[in-house]
Amino acid sequence: MNYHYSDRVPESDEDPVGNILKVAGSDKIISFAGGLPAPELFPVDELKKVTDEVYDESGRAALQYSVANGLPELREQIVKRMVKSNIHTTADNIIITTGSQQSIDLTAKMFVNPGDTVIVEQPTYLCALDVFRTYGAHLVGVEMDDDGMKIDALEQALVANPNTKFIYTIPSFQNPTGRTMPFDRRQKMIEIAKKYDVIILEDDPYGAIRYAGDDVAPIKSIDDDERVIYMSTFSKILAPGLRIGWIVAEKKLVKKFTLMKQSADVHSDNLTQHIIAKFMGEYNIDDHITKIKAVYREREGVMMDAIETYFPKGVHYSHPEGGLFIWVEVPGDINTQDLFNTCIKNDVAFVPGEPFYADKVIPGTFRLNYSNMTDEKIVTGIQRLGKAIEQTIASQKVEQGA
């Protein structure tokens, strides 16, 4: 049977990132590849307790169909949570989604026609790039420095691409770099977006997980003309398996999102929404987040110390103050796949940088995750990784000499 796919379906069935994660999942390999929260921190007992209460108190309602924009009680809980980020909104400005990935997908579906431009950070979240490509977007990557997307380069990209539909940014503890955009640059981004009349899609899955430095308010907090679509998730602050996220946007946009969501999945899991709303009502989620931050701060510190000890001189890396990731840049024209293969031989893994780039790829880049490994494995893994980098650099010098 010959299947006649739409243009949105990739021609190749190859899944390079999936293959990498599969290889990295071997028991003998220390993997820094996945962006996985620490499972030992999941509040299993508390979630079990509130789940039983949901069944006892409102089981039939929780198991019934629900409204597409989400459980009112949960949206009200999110309204209260947003105030802590200096985002003052209402339940009518919020729609519940099936994780951040659906928020990205619905936004792209709603705004992007084939050929429309989406401007992204370079590098950026690889699964967002996949979504934008699915809808035929013309992707334009804007160079970053340690303070995030460069605003002068952003303006140049907007001038060169007048058909830009939106700017996609992860301003706090960015995936994959771990970088954070300072507040003054966030203000400038808003000003540029106004000047060229484009939307900003602000992805904020990690903002609550700050364990060093001062909080930086979201871009949405200074949005005075409903230009910013803000999205976040419970995946990093509660548990990713719950698959619940949310969007904060102007009311007429929420109505459009609701229509788009109805055609996608009718509504996000109703039982899970009841469970999270119950959890938020009975427990202080910030107490739970404090536990997460303490563990991640320790593990990030262990990894940074190990990198400074075992990585060759000249290797550059980010210094995150929160989130889950460190970005590494090995100098020279290093083949990242060769480095990955050498790492696998040394029983350690990372995610190569290539899938995070919208266009021009910088060789020798990769992402490390520190949230999902013990201190001992972090030290051992970074020691192995440092050895693999030295071996790859030495091999490259031999080849160039030949």
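Reader: What does the accessible surface of the protein chain come to, and what percentage of it belongs to carbon and sulfur atoms? Then take me to the loops.

Author: The accessible surface comes to about 18,500 Å². Of this, 49% belongs to carbon and sulfur atoms. Areas are computed by the Shrake-Rupley method with a 1.4 Å probe, and for residues only the protein chains shown count as cover.

This is a predicted model: local features need pLDDT of at least 70, side-chain atom pairs count only at pLDDT 80 or more, and totals for chains, interfaces and linings use all residues. Residues are numbered from 1 along each chain as its sequence is written, and side-chain values use heavy atoms, with hydrogens and water left out.

The protein chain has 12 helices and 14 strands. These are DSSP runs numbered from the N terminus: helices are H or I with at least four residues, strands are E with at least two. Of the 402 residues, 53% count as buried. Buried means under 20% relative accessible area, exposed over 50%, and partly exposed in between, with a 1.4 Å probe and protein chains only.

Now the loops. Start with the cis peptide bonds. One runs from Gln-122 to Pro-123, with omega near 10°. Pro-123 sits in the loop between strand E3 (117–122) and helix H5 (126–134). Another cis bond joins Asn-175 and Pro-176, where omega is about 20°. Pro-176 lies in the loop between strand E6 (164–169) and helix H7 (183–195).

Follow H7 onward. The loop between H7 and strand E7 (199–203) holds Asp-197. Its phi is near 55°, a positive value in a residue other than glycine. Asp-197 counts as exposed because its relative accessible area is 60%.

Arg-243 also has a positive phi, about 55°, and is not a glycine. Look for Arg-243 in the loop between strand E8 (228–233) and strand E9 (245–248). Its relative accessibility is 34%, so Arg-243 counts as partly exposed.

Last, the cysteines. With a relative accessible area of 26%, Cys-127 is partly exposed. Cys-343 is buried, at 0%. The disulfide count comes to 0, where a disulfide is a pair of cysteine sulfur atoms within 2.5 Å.
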